[in-house]
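Here are my notes on the model you sent over.

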Amino acid sequence: MRGFKKWMDSHRKKNLKGFFSIGERELTDREVRLAVNYAVRKGYKYDSDIPVEELERLFNENVIVQEQTMLF
């Protein structure tokens, strides 16, 4: 994951939609970036190491924060 993060950070304008998926659903660019940064912070070596429940919680928490930010 660290290698992908390094590549991702050097290609900031690249749309990463579809680089990862949960089941049949492709992750959006924003979700991929959140997942990779989260995985590196948590010390996960591979994307398959991240429990789906953690990703879903991460995405839900960030949607709530984004919605609250838009209200102010």
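**Notes on the model**

1. Let's start in helix α1, which covers residues 2-10. Phenylalanine 4 and tryptophan 7 both sit there, 3 residues apart, or about one turn of the helix. Helices here are DSSP runs of H or I with at least four residues, strands are runs of E with at least two, and both are numbered from the N terminus.

2. Before going on, the ground rules. This is a predicted model, with local features needing pLDDT of at least 70 and side-chain atom pairs counting only at pLDDT 80 or more, while totals for chains, interfaces and linings use all residues. Numbering runs from 1 along each chain as its sequence is written, and side-chain values use heavy atoms, with hydrogens and water left out.

3. Overall layout: the protein chain has 3 helices and 2 strands, running α-β-β-α-α from the N terminus. Of its 72 residues, 28% are buried. Buried means under 20% relative accessible area, exposed means over 50%, and partly exposed is in between (1.4 Å probe, protein chains only).

4. Now the rings. The whole structure has 4 aromatic pairs. Phenylalanine 4 and tryptophan 7 make a tilted one, at 5.7 Å centre to centre and 35° between the planes. For the cut-offs, rings of Phe, Tyr and Trp (its six-membered ring) pair if their centres lie within 6.5 Å; planes under 30 degrees apart are stacked, over 60 edge-to-face, and the rest tilted.

5. Tryptophan 7 is partly exposed, because its relative accessibility is 30%. Tryptophan 7 also pairs with phenylalanine 19, again tilted, with 5.9 Å between centres and 35° between planes. That pair links distant parts of the chain: tryptophan 7 is in helix α1 and phenylalanine 19 is in the loop between α1 and β1 (21-22), 12 residues apart. Phenylalanine 19 has a relative accessible area of 37%, so it is partly exposed too. Taken together, ring pairs join Phe4, Trp7, Phe19 and Phe20 into a cluster.

6. Where does phenylalanine 20 make its contacts, leaving aside neighbours within four places in sequence? Phenylalanine 20 touches Met1, Phe4, Glu26, Leu27, Val32, Val36 and Asp47. A contact here is heavy atoms within 4.5 Å.

7. Phe20 turns up again in the largest nonpolar core, which has 16 residues; Phe20, Leu27, Val32, Val36, Leu55 and Phe59 touch the most other members. Both α2 and α3 (52-71) supply at least two residues of this core, and α2 gives the most, with 6 residues. Such a core is a set of buried Ala, Val, Leu, Ile, Met, Phe, Trp, Tyr and Cys residues joined through side-chain atoms within 4.5 Å.

8. On to charges: the structure holds 4 salt bridges, each being a side-chain nitrogen of Lys or Arg within 4 Å of a carboxyl oxygen of Asp or Glu. One of them joins aspartate 9 to lysine 5, with the closest N and O atoms 2.7 Å apart. These two residues are about one helical turn from each other, because they are 4 residues apart in helix α1. Aspartate 9 is partly exposed, with a relative accessible area of 29%.

9. Worth a look is the bridge between the side chains of arginine 25 and glutamate 31, at 3.0 Å from N to O.

10. Arginine 33 has a relative accessible area of 16%, so it is buried, while aspartate 29, at 23%, counts as partly exposed. Beyond its neighbours within four places in sequence, arginine 33 is in contact with Met8, His11, Arg12, Lys14 and Leu16.

11. Among contacts between residues at least 6 apart in sequence, 42% join residues at least 24 apart. The protein chain exposes about 5,500 Å², and carbon and sulfur atoms supply 52% of that; accessible areas come from the Shrake-Rupley method with a 1.4 Å probe, and for residues only the protein chains shown count as cover.
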